[in-house]
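Me: I've just opened this one and I'm new to it. Can you walk me through what's there?

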Amino acid sequence: MVVAGGGIGGLAAAAGMAARGLDVTVLERGDRIGTGGSGLVLYPNGLRAADALGTRIGARVRATGRVTRSDEVRVLMDARGTVLAEEPVGAVGAFAAPQMPVLRSALHRALLDEALTAGAAVVLATGVTDYTERGGQVAVQLSDGTVTACDALVGADGIHSAVRARMLGDGPPQYRGYTSVRGRTTGSALGQRGHVVNGRGIQLFVAPVSDDTLYWTAKITAPAGVWPALGPAGARLALLEAMEGWYGPVVDLVRAADPEDVVVTDIHDRDPTPRWVDDRAALLGDAAHPMVPALGQGANLALEDAAVLAEALASPAPVPEALAEYALERMERAAAVVLASRRQGALDQGADRAGEERRNAHIRSAGRKDADLADVVGWRPRPRLPESGTTPAPTTTVRPKKGATAMGAPHIVLISGSLRPGSTCDRVAEWCAQRCAEQGASARVFSGSEIDFPAYRPGLADRHAAVAGFLGELRAADGVILVSPTYHATVSGLLKNALDYVNDIGGPVPYLQGRAIGTVAVGSAAQGAVSALTTLRTIGHALRGWPTPVGVAVSQAPEQSGADGGEAGPDAARLVEMVSQVVWLGGVRAEDARPPVLGAVA
């Protein structure tokens, strides 16, 4: 395996593959690895990805940074120092898991050491300029004019990837209207606490990375090329000038930074692409999905990519099939995070007075800088489906309560679209199943991690008992309830996966003809919820179901006690309304489908 690029994603992939016994060479065009940049935050999803790369790798990564305390908060303020909110960032916060600020150089060093220890080779001052397919291998052209052959080429060579240019030829990335000035400061009066400071056209993010060091990133609305042309020292002075009148300790933070540690970069991203793989070549990290830093997910998703890729290439599957499997698992997720980051970045900048007021009001009301992030960081490595002949994972079956209805007893299948076991989607589906039972229906709940709904591949029913069992339940269903996280609110992905599933049902009835379909969007972002509900109803129509039940958007699962006579909140009331409609329509279908009784009167 040849990995083009010795950044975070490339080194992580190399370490994971080498730890699994693969022969890996990393080609880095620079003459050093990991000497630039200030810091970043590893969120729970990034830390889980590091653990999935290997126990030793995960432990080494966790040792490089500063894990937030369980009750730690990040102060969100305006430029004058007025506190807008205090955002929980420890394990008791919205993520239910800690996050870890870390210096980029320390993370690079840890991943480099782990890759070398596992047996990977690292070649500096050598870049990949082109590649071609050649007799079941990849011929990789190098910057020194030589050519090397390999079984697989991983393009982890950044936002200006030469591998991507060869594979997609989609031109340069898009400038997003703001630049980034980054640095680190020792001994700041701000202390060991994170901050986000909001000015007009400027947002400053601050995080502690050691006992006395803070790293900071200023995002500044500006035309392309202006700030990088100033150089590090000039950009720091210009930033100080732009921060005139700001809260004193924040200005001192930038003033005390070493100019040699300052990095200036214009912010770009790319529209999501439906192609990451060219037979034996694949893209990873910024080469596949460059994104703006508004949600802090660039490095985290690169680690996710690396974990999935290493697992895929270590499987018995031929290399082209393994790479295709990797891309299929990663593309929808990455596309959703790219677009969510772009939306958050536009809100963050507050480039004019109205934008500044809108952003600050959003922070006050939400209590967070980026409410969508709670959904994004819930990613977990995908459990592998059981092989053919093994016992499928247990599902949840809820039996109807006797006497609940006189109509035909319908069978309702509930599908949670989240890959994270025990997610809010899973809890909402379980809650709805209990309500189905109270109304006389039998219900079967399938979690996303169990059947891999968000990343389904056609034909799995022939090889996996769990999937075959799920499709059998769909055949027998009188109604279906789809529960989706809002970050999966893309028609192309969910619709394709749903169609792939039902195309595998077979039988005389196409799709989900005539079945009642209820929809629930789970997430804290109102815009994402509306989009998710629209997508789910589109799926219902495409599957030829009966998508008349009301669509419901909730941020969390109602309390179980709320359905047993207690006062039901608005979310619970709307869920009960939707469940009641699905059960009633399903009951009509169940009654109509029964064989006629001798002597019955119509």
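Me: Let's start with the hairpin of E4 and E5. Which residue there takes a positive phi?
Reply: That's Gly81, with a phi near 100°. The hairpin has four residues between its strands. Keep in mind that this is a predicted model.

Me: OK. How do E4 and E5 pair, parallel or antiparallel?
Reply: Antiparallel, over five bridges, with E5 covering residues 83–88. Within that pairing, Met77 stands opposite Val83 in E5.

Me: What holds strands of a sheet together in general?
Reply: They pair through backbone hydrogen bonds, and the pairing can be parallel or antiparallel.

Me: Back to E4. How many bridges join it to E13?
Reply: Four, and those two strands run parallel. E4 itself spans residues 73–78. One of the pairs is Asp78 with Asn198, its bridge partner in E13.

Me: And what about E13 and E14, parallel or antiparallel?
Reply: Antiparallel, joined by five bridges, and E14 is residues 202–208. His195 stands opposite Val206 in E14.

Me: How many residues lie between the strands in the hairpin of E13 and E14?
Reply: Two. Gly201 in that hairpin takes a positive phi, near 80°.

Me: How many residues of E13 are buried?
Reply: Five of the five, residues 195–199, so the strand is largely enclosed by the rest of the structure. His195, Val197 and Gly199 point one way, while Val196 and Asn198 point the other way, and all of them are buried.

Me: Switching to helices. How many of the ten residues of H2 are buried?
Reply: Eight, so helix H2 (residues 44–53) is also largely enclosed by the rest of the structure. The buried residues in H2 are Pro44, Asn45, Gly46, Leu47, Arg48, Ala49, Ala50 and Leu53.

Me: Now Asp305. Where is it found?
Reply: In helix H8, which runs over residues 298–313.

Me: Buried or exposed?
Reply: Asp305 counts as buried because its relative accessibility is 0%, and the cut-off for buried is under 20%.

Me: Which residues is Asp305 in contact with, leaving aside its neighbours within four places in sequence?
Reply: Trp276, Leu284, Gly285, His289, Tyr326 and Arg330.

Me: Which residues line the second largest cavity?
Reply: Arg270, Asp271, Pro272, Thr273, Trp276, Ala288, His289, Met331, Ala334, Ala335 and Val338. Trp276 and His289 also turned up among the contacts of Asp305.

Me: Next, the open sheet of six strands. What order do they come in?
Reply: E7-E2-E1-E11-E18-E17, with mixed pairing. The edge strands are E7 (121–123) and E17 (277–278), and each pairs on one side only.

Me: How do E1 and E11 pair?
Reply: In the parallel sense, over three bridges, with E1 at residues 2–4 and E11 at residues 153–155. Ala4 stands opposite Gly155 in E11.

Me: Where is Ala125 found?
Reply: In the loop between E7 and strand E8 (128–134). The phi of Ala125 is near 55°, a positive value in a residue other than glycine. Ala125 is exposed, with a relative accessible area of 52%.

Me: And what is the place of Asp279?
Reply: Asp279 is in the loop between E17 and strand E18 (281–283). Its phi is near 55°, again a positive value in a residue other than glycine. With a relative accessible area of 37%, Asp279 is partly exposed.

Me: Zooming out, how many helices and strands does the chain have?
Reply: There are 17 helices and 24 strands. Buried residues make up 54% of the 602 residues in the chain.

Me: What about contacts between residues at least 6 apart in sequence?
Reply: Among those contacts, 76% join residues at least 24 apart.

How values were computed
Residues are numbered from 1 along each chain as its sequence is written. This is a predicted model: local features need pLDDT of at least 70, side-chain atom pairs count only at pLDDT 80 or more; totals for chains, interfaces and linings use all residues. Side-chain values use heavy atoms; hydrogens and water are left out. On a 1 Å grid over the protein atoms alone, a cavity is a set of points where a 1.4 Å probe fits but cannot get out, and a pocket is an open set with protein on both sides within 12 Å along at least five of seven lines; lining residues have an atom within 4 Å of a point. Two strands pair if DSSP finds at least two bridges between them. Buried means under 20% relative accessible area, exposed over 50%, partly exposed in between (1.4 Å probe, protein chains only). Contact means heavy atoms within 4.5 Å.
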